[in-house]
Amino acid sequence: SMVNAGAMSGSGNLMDFLDEPFPDVGTYEDFHTIDWLREKSRDTDRHRKITSKSKESIWEFIKSLLDAWSGWVVMLLIGLLAGTLAGVIDLAVDWMTDLKEGVCLSAFWYSHEQCCWTSNETTFEDRDKCPLWKKWSELLVNQSEGASAYILNYLMYILWALLFAFLAVSLVRVFAPYACGSGIPEIKTILSGFIIRGYLGKWTLLIKTVTLVLVVSSGLSLGKEGPLVHVACCCGNFFSSLFSKYSKNEGKRREVLSAAAAAGVSVAFGAPIGGVLFSLEEVSYYFPLKTLWRSFFAALVAAFTLRSINPFGNSRLVLFYVEYHTPWYMAELFPFILLGVFGGLWGTLFIRCNIAWCRRRKTTKLGKYPVLEVIVVTAVTAIIAYPNPYTRQSTSELISELFNDCGALESSQLCDYVNDPNMTRPVDDIPDRPAGVGVYTAMWQLALALVFKIVITIFTFGMKIPSGLFIPSMAVGAMAGRMVGIGVEQLAYHHHDWIIFRNWCRPGADCVTPGLYAMVGAAACLGGVTRMTVSLVVIMFELTGGLEYIVPLMAAAVTSKWVADAFGKEGIYEAHIHLNGYPFLDVKDEFTHRTLATDVMRPRRGEPPLSVLTQDSMTVEDVETLIKETDYNGFPVVVSRDSERLIGFAQRRELILAIKNARQRQEGIVSNSIMYFTEEPPELPANSPHPLKLRRILNLSPFTVTDHTPMETVVDIFRKLGLRQCLVTRSGRLLGIITKKDVLRHMAQMANQDPESIMFN
């Protein structure tokens, strides 16, 4: 006899009337991939609910307005915090870099420049020498010149550098292991839908900000640009956790993080539009139009905040702002393209060597001693860097000096030309002149600095400290470019009757700007390492304010990308993603092999059959055993073992939570209760316990492909829809399952790489 049907459906509806999903449903485990389609449909449901409620009362209408505005509020907060942090970092780096050489007596928290501003005795000629600023040798042994003073200053420089680096690596190691590296490879992976818990946490934010100041001040060959993107994304994560719209939906949170990345580049370079394009071209995976506008707003607020802090005191957002007055000529495109070739070659060399070294660090004993490694590299850097004035100063100052045009007031060695005594031209337009002693000295010092930078950056990037790559690669390019520029300038001066110079270089005219070559070289090298094109050119001209030099920059950027791509398609960030085995499906990779879905799906021939749930014949205990014995993310639900017709897909985590919830809240649910996924309960014998209805957690529209679908279509589906898994059927019967990991493994196999290198789920 049948149990009273009314009571049955009553108990079944118990789960339905809990319309609020039980806590934690829809959240993901660490190191798992999110399901973009599901996140999107959940957000649409939420939206529909709010819209229908907003018609009920004024209060609900105001709530719906607040919900619509929350996105812009989050952007505003991210911009404010990112801009403030960037300003503080800039000011602190400025002071601590100078601390390695000396200290200000009037107020020790002044940097060298600020110290001499406040002093009354400073003259324009000796603007670097003021009585209030004391070098360490003057303070300790009261000597400013001579061998003993030099050695003492040298030692103090090394000691401060070691102290800063040791502090940084210890803080990272103890408090926030995720704060190391540049952060861009991981952020690309996170934005593609992967979950790394704690990577964007509050501790990471705090430690990364502090240690970034320390490592940049220690004089290591690294920049603050990549880490600032990570810092901005941490701000984005922090603020999105304050609004339920973002904290409960991983897909929406990714949109906020895309915009935060734009704000990060905006403050790193003072290039708001470049930041938006960088996020679009380099970092983001899913970038709808709405995110474009929000990124634009976040980048604007961040740049505005940084500008109001004014860390460099020159009312500019960047250290290396330049203004050139001379046009460029067609014949100069040849050296520009040569610089592009150099940038591409350096990019390839750097990626190959750096990846080889990082792989070595991963696989040998080297990786066990991160602190020692940082100390050794810092010591080597400081010892070699101090004697050469170009490597002693901070890298941003070096780039700034290389970009600068030689005016009448420049005191740099690079501007030590032989002046014509009877020159009566206006001051700002100085004609080309023969190089003096200083320029020749500067040339060989720059050549040594270039070799040193190229070698040391390979070992620095990827250590257990925050390290950006933009500034060192720009420095390499700027040094090479400045040397080429001086060469062309001297050639034009001494041979102005040659046919290439005759048209545009009259004697006594200012026709070649060496600083422009430095700028083009910097763009070429940065492009060779990161393979950016559009955003790179925009960042470079926002950075330097050189609007009329877009064509040379574009020529160099495209050349460097072509040359670098000839040796290997992936940029440094993709290479690090591969090295670390993150599950990242790159949109740029093409899949050209003729395999089918059957070749990739599990189970393969000879493997045990797929673990499935049936729609109305398994007990709670059966399901719990299945969950215990396997570690799959979810289970397909079929009509019965015999027919194998597919009904839907149930997520593992939601099954566990639903069963736990039912045992706590529902009467009569025991281990041998039948679980059913249908609308109506199955017919059961009279004395059997209450069944458990789980239709609410069943995904009734799982993504399916047939077994003869070509793999390139499957890869495209995974890429464009952001799937976690896809079921393989033939005429409605379930055959197998393909997960994102299977797709990545298959792609690695087809590219003759080790498929087990993808180590995360």
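Tutor: The discussion that follows takes up helices, strands, rings, charges and the backbone in turn.

Student: What kind of model is this, and how are its residues numbered?

Tutor: This is a predicted model, in which local features need pLDDT of at least 70 and side-chain atom pairs count only at pLDDT 80 or more, while totals for chains, interfaces and linings use all residues. Residues are numbered from 1 along each chain as its sequence is written, and side-chain values use heavy atoms, with hydrogens and water left out.

Student: How many residues does helix α9 have, and what span does it reach?

Tutor: Helices (H or I, at least four residues) and strands (E, at least two) are DSSP runs, numbered from the N terminus. The expected span of a helix is 1.5 Å times one less than its number of residues. Helix α9, residues 225-240, has 16 residues and reaches 23 Å from its first C-alpha to its last, close to the 22 Å expected.

Student: How many residues of α9 are buried?

Tutor: Buried means under 20% relative accessible area, exposed over 50%, and partly exposed in between, with a 1.4 Å probe and protein chains only. In α9, 15 of the 16 residues are buried, so the helix is largely enclosed by the rest of the structure.

Student: Which strands pair with β11, and in which sense, parallel or antiparallel?

Tutor: Two strands pair if DSSP finds at least two bridges between them. Strand β11 (residues 725-730) pairs with β10 (residues 704-706) in the parallel sense over 3 bridges, and T704 stands opposite L727 in β11. Between these two strands the chain passes through helix α28 (residues 711-721), and this β-α-β crossover is right-handed. A crossover is right-handed if, with the strands pointing away from the viewer, the path from the first strand over the helix to the second runs clockwise. Strand β12 (residues 733-739) runs antiparallel to β11, with 6 bridges joining them; here the partner of V728 is G736. β11 and β12 form a hairpin with 2 residues between them, and S731 in the turn has a positive phi of about 45°.

Student: Which charged residues lie over the face of a ring?

Tutor: A charge sits over a ring if NZ of Lys or CZ of Arg is within 6 Å of the ring centre and within 35 degrees of the ring normal. R294 lies over the face of W72, at 5.3 Å from the ring centre, and R392 over that of Y386, at 4.1 Å.

Student: How many salt bridges are there?

Tutor: Side chains of opposite charge can pair when their charged atoms come close. A salt bridge is a side-chain nitrogen of Lys or Arg within 4 Å of a carboxyl oxygen of Asp or Glu. By this rule the count comes to 26. One of them joins K252 and D43 at 3.9 Å, N to O. K252 lies in helix α11 (residues 250-269) and D43 in helix α2 (residues 36-54), so the pair ties together parts that are 209 residues apart in sequence. Both K252 and D43 are buried.

Student: Where does the peptide bond take the cis form?

Tutor: The bond from R602 to P603 is cis, with omega near -5°, and P603 is found in the loop between α25 (597-600) and β3 (613-614).
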